[in-house]
Amino acid sequence: IYRLRQLRNQFLRGEVESLPPDKGAYKMALDEIANQEKAYMELFIGKVEVQTVKQYFDFVPEANQNLNTVLLRFSHQNGFLDPMDVSGTPVYIEVDVDTRQYRNFVSEETSKTQNATGLVYCKPVSAEVKIIDRTLLLTTKEVQLSQFGQVLRLPADLLNDRGVGVEMDVNTGAIRTIFYK
């Protein structure tokens, strides 16, 4: 390590017998000396490797499920774990449904329901979703939840007119726009 440092100092002062012919070769020689010094230093002090992992988790709220629950567990040795694996620390999900819009879960329609024809769509409700690692808030996001929304019908008479189109949100089942072609 000391010899490499002395060689680098000699290079910088121009005291070596044969200097590289151009700036590119000069820089490559200094970079190689730095890489060798780093490799030798790692033998004594160790090295740290950092790995970034992205993983996605699906959480679908259901009628009989608590909306504030353990989403996953995390271990510094094993990474992401199942929510039931107690070898990691819990990461919670909290879903706060907008109670002003909340209609409870939609029950099935009966055949005696009036206006039983037409396009069925869902009017989702707003909810705030928080991801919390023990007590540290990691992220928060406003989302639309169709599970808690209201099922409505667009009158069939409206759809019978030629040139009427409806654009729907594939994620929530809500109507985005009604337009004339």
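**Fold and aromatic pairs of the predicted model**

From the N terminus on, the elements of the protein chain follow the order α-α-β-β-β-β-β-α-β-β. The model is predicted. Its secondary structure amounts to three helices and seven strands. Of the contacts between residues at least 6 apart in sequence, 53% join residues at least 24 apart.

Of the 181 residues in the protein chain, 22% are buried. The chain exposes about 14,200 Å², and carbon and sulfur atoms supply 51% of this area.

Three aromatic pairs are present in the structure. One of them is formed by Phe11 and Tyr26, with 5.8 Å from centre to centre and 55 degrees between the planes, a tilted arrangement. Phe11 belongs to helix H1 (residues 2-13) and Tyr26 to helix H2 (residues 23-45), so this pair ties together parts that lie 15 residues apart in sequence. Phe11 has a relative accessibility of 11% and counts as buried, because the cut-off for that class is under 20%. Tyr26, at 26% relative accessibility, counts as partly exposed.

A further pair consists of Phe74 and Phe80. The ring centres of Phe74 and Phe80 are 5.5 Å apart and the planes stand at 65 degrees, so the pair is edge-to-face; planes over 60 degrees apart are assigned to that class. Phe74 is partly exposed at 31% relative accessibility, and Phe80 is also partly exposed, with a relative accessible area of 32%. Phe74 and Phe80 belong to a cluster with Phe57, linked by ring pairs.

Definitions and conventions: Residues are numbered from 1 along each chain as its sequence is written. This is a predicted model: local features need pLDDT of at least 70, side-chain atom pairs count only at pLDDT 80 or more; totals for chains, interfaces and linings use all residues. Side-chain values use heavy atoms; hydrogens and water are left out. Helices (H or I, at least four residues) and strands (E, at least two) are DSSP runs, numbered from the N terminus. Buried means under 20% relative accessible area, exposed over 50%, partly exposed in between (1.4 Å probe, protein chains only). Contact means heavy atoms within 4.5 Å. Accessible areas come from the Shrake-Rupley method with a 1.4 Å probe; for residues, only the protein chains shown count as cover. Rings of Phe, Tyr and Trp (its six-membered ring) pair if their centres lie within 6.5 Å; planes under 30 degrees apart count as stacked, over 60 as edge-to-face and the rest as tilted.
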